[in-house]
Amino acid sequence: MSSSAANVLRYTALGFGIFYGFTHQRSITAANKAAAEKREYEHKLSLIQKAKEEYAKKHAPATSATTTTGGLNQDPTSPNFDLESYISALTDAKI
């Protein structure tokens, strides 16, 4: 093999190596960036979930003994109010 052919082969291999290194580094950097963005997004989701839980605790209606007795909902404005069970509980209490 002549000296010029060896140099061409050597520099071609060097060029391919540099190209491969560049593309490989770009893929690693992109994967790390995507993982960091995912971690940041999940952190934000957890903060939002904690805020929702705290808001629900703060604004939850207080349950008192007058509104529920033994698991019976006595609030007629509640969507879970059952008139039949309320009346049967009243009749059982009077007996």
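Is Lys-44 buried, exposed or partly exposed, and what is its relative accessible area? Lys-44 is partly exposed, at 45%. The scale is simple: buried means under 20% relative accessible area, exposed means over 50%, and partly exposed lies in between, with a 1.4 Å probe and protein chains only.

Some ground rules. This is a predicted model, where local features need pLDDT of at least 70, side-chain atom pairs count only at pLDDT 80 or more, and totals for chains, interfaces and linings use all residues. Residues are numbered from 1 along each chain as its sequence is written, and side-chain values use heavy atoms, with hydrogens and water left out.

Now the fold. The protein chain has 2 helices and 2 strands. In sequence order the pattern is α-β-β-α. Helices (H or I, at least four residues) and strands (E, at least two) are DSSP runs, numbered from the N terminus. Helix H1 covers residues 3-59. Strand E1 is residues 68-69. Strand E2 is 72-73, and helix H2 is 83-94.

Next, confidence. pLDDT is the predictor's confidence in each residue, from 0 to 100. The chain mean is 87, and 88% of residues reach 70 or more. H1 is highest, at 96. E1 is lowest, at a mean of 50. Over residues 64-68, pLDDT stays under 50. For that stretch the model has 6 contacts beyond four places in sequence. Contact means heavy atoms within 4.5 Å.

Of the 95 residues, 3% count as buried. The accessible surface comes to about 8,500 Å², and 62% of it belongs to carbon and sulfur atoms. Those areas come from the Shrake-Rupley method with a 1.4 Å probe; for residues, only the protein chains shown count as cover.

There is a nonpolar patch too. Tyr-11, Leu-14 and Ile-18 form it, with about 360 Å² of accessible area together. Patches take residues with over 30% relative accessible area and no salt bridge; like charges are joined within 9 Å, nonpolar side chains (Val, Leu, Ile, Met, Phe, Trp, Tyr) within 5 Å. Ile-18 sits in H1. At 56% relative accessibility, Ile-18 is exposed.

Side chains of opposite charge can pair when their charged atoms come close. The structure holds 2 salt bridges. The criterion is a side-chain nitrogen of Lys or Arg within 4 Å of a carboxyl oxygen of Asp or Glu. Lys-44 pairs with Glu-40, with the closest N and O atoms 3.5 Å apart. Both lie in H1, 4 residues apart, about one turn of the helix. Glu-40 is partly exposed, at 45%.

The other bridge joins Lys-57 and Glu-54, with the closest N and O atoms 3.9 Å apart. These two also lie in H1, 3 residues apart, about one turn. Lys-57 is exposed, at 61%. Glu-54 is partly exposed, at 48%.

Now aromatics. How many aromatic pairs does the structure hold? There is 1. Phe-81 and Tyr-86 form a tilted pair, 5.7 Å centre to centre, with 55° between the planes. Rings of Phe, Tyr and Trp (its six-membered ring) pair if their centres lie within 6.5 Å; planes under 30 degrees apart are stacked, over 60 edge-to-face, and the rest tilted. Phe-81 is partly exposed, at 22%. Tyr-86 is partly exposed as well, at 24%.

Last item, Gln-74. Where is Gln-74? Gln-74 lies in the loop between E2 and H2. Its relative accessible area is 25%, so Gln-74 is partly exposed. Gln-74 and Ser-85 are 11 residues apart in sequence and 9.4 Å apart in space, C-alpha to C-alpha.
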